[in-house]
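Hi,

Here is the structure I promised to hand over.

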Amino acid sequence: MDPLVVTATPNISWLHPEVDYPRATDEIVTEARRCRDAGAAVLHIHAEGRWRAVIEALRAETDLIVQCGMSSLPIPERLESFEAGTDMASIIASHHDEAFAELDCLVLHPRAELEEYAALCARHGVVPEWEVWHTGSIWNLQHLIDRGLIHRPHVVTMFFGWPGGTWSPPTVEEYRYRRRLLPDGCVATVSVMGEHQIDIVAAAIVAGDHVRVGTEDLPFDRTGSPAPTHRLVAEAAELAAAVGRPLATPSEARALLGVRVGPA
């Protein structure tokens with residue numbers, strides 16, 4: 001079994017925006033170092049309007065794989081992250097239909113846009129991380145594969161329990177069902193929003209898949225108390241240790257995810 005790749009998400013909690021998270025660049029870097037020490041290999045960041053500054057600061061202080069999120073934004077608002085040499089870019093493989101505490105996120109992402117993303121990633125040497133919210137996302141992913149627009153490994157994150165029109169049940173049954181439908185050559189991570197997170201996280205760890213945790217996904221530890229992302233990473237690491245699965249270093253994660261070594 002491959003070592004476990006833990007992705008840390010020290011960003012806003014969409015359902016609990018009152019929970020604190022790092023905002024300033026130096027705060028993001030400090031939390032990134034703590035996440036790395038706790039066992040994370042990938043850092044999923046939101047830095048719209050200042051992608052380059054945050055990426056450069058992270059590169060100067062950590063060896064974490066940088067994954068730029070905010071896939072709801074149009075491509076022009078994300079170009080800076082590609083030009084700044086991000087390692088990975090989150091791309092939703094369907095549409096955004098999310099019901100958060102302070103906003104509804106409703107954004108269409110047609111297949112033509114996904115094809116444009118595939119070309120953009122290839123041009124900049126960026127690994128696309130395809131967000132798979134339901135089985136329709138898988139159909140779109142296969143569409144790109146069949147046209148030779150993306151190549152293995154296909155890095156995907158499966159989302160569960162995120163509220164809105166793209167909601168799916170946060171159950172182990174749903175995880176196993178959707179996992180079986182993924183195309184060959186996928187490296188899969190799970191993201192779960194809600195109190196049943198541990199069920200799917202544990203199932204993914206045992207099955208050989210990977211996990212994403214942090215304030216953006218679920219900002220509470222196992223006692224139900226608000227917790228910073230590095231503590232949530234540590235909990236995932238403890239769970240992996242309990243079942244005998246080692247954690248991937250950033251270097252090992254680069255090999256598993258097909259991420260280049262060093263910036264472009």
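Predicted model: local features only at pLDDT ≥ 70, side-chain atom pairs only at ≥ 80, totals over all residues.

Met70 sits in the loop between strand 3 (65–68) and helix 3 (79–83). (Helices are DSSP runs of H or I with at least four residues, strands are runs of E with at least two, and both are numbered from the N terminus.) Although Met70 is not a glycine, its phi is positive, at about 60 degrees.

Residues are numbered from 1 along each chain as its sequence is written, and side-chain values use heavy atoms, with hydrogens and water left out.

The other backbone item is a cis peptide bond between Arg152 and Pro153, with omega at about -5 degrees. Pro153 belongs to the loop between helix 5 and strand 8.

**Helix pairs**

Two packed helices are described by the angle between their axes and the distance between the axes. The axes here are lines fitted to C-alpha atoms, for helices over the stretch in contact, and angles run from 0 to 180 degrees between N-to-C directions.

Start with helix 1 (residues 25–38) and helix 2 (residues 51–61): they pack at about 40 degrees, with axes 10 Å apart. That makes them oblique to each other (under 35 degrees counts as roughly parallel, over 145 as roughly antiparallel, 65 to 115 as roughly perpendicular, and the rest as oblique). Helix 1 passes helix 2 in a right-handed crossing (right-handed if the near helix is turned clockwise from the far one by less than a right angle, left-handed if anticlockwise). In contact terms (heavy atoms within 4.5 Å), Thr25, Ile28, Val29, Ala32 and Arg33 of helix 1 meet Ala53, Val54, Ala57, Leu58 and Glu61 of helix 2. By class, these contact residues are 7 nonpolar, 1 polar and 2 charged (Ala, Val, Leu, Ile, Met, Phe, Trp, Tyr, Cys and Pro count as nonpolar, Asp, Glu, Lys and Arg as charged, and the others, Gly among them, as polar).

Helix 4 (residues 111–124) and helix 5 (residues 135–146) pack at about 50 degrees, with their axes 11 Å apart, and are therefore oblique as well. Their crossing is right-handed. On the helix 4 side, Arg111, Leu114 and Glu115 meet Trp139, Asn140, His143 and Leu144 of helix 5. This contact divides into 3 nonpolar, 2 polar and 2 charged residues.

What angle do helix 7 and helix 8 make? About 45 degrees, with the axes 10 Å apart, so this pair is oblique too. Helix 7 crosses helix 8 in the right-handed sense. Ile198, Val201, Ala202 and Ile205 of helix 7 meet Ala236, Leu239 and Ala240 of helix 8.

**Pocket and cavity**

The largest pocket holds about 280 Å³ of space. The search runs on a 1 Å grid over the protein atoms alone: a cavity is a set of points where a 1.4 Å probe fits but cannot get out, a pocket is an open set with protein on both sides within 12 Å along at least five of seven lines, and lining residues have an atom within 4 Å of a point. Grid points are joined across faces, edges and corners, and a volume is the space filled by probe spheres set on the points.

Of the 15 residues lining the largest pocket, Gln197, Ile198, Leu218, Phe220 and Arg222 are the closest to its centre. Helix 7 (197–207) and helix 8 (229–242) are the elements that give two or more residues to this lining, and helix 8 gives the most, with 4. The pocket lining has 8 nonpolar, 3 polar and 4 charged residues.

How many cavities of 30 Å³ or more are there? The count comes to 1, and the largest cavity has a volume of about 80 Å³. Its lining includes Val5, Thr7, Met88, Glu129 and Arg212. Strand 8 (residues 154–160) gives the most to that lining, with 3 residues.

Cheers
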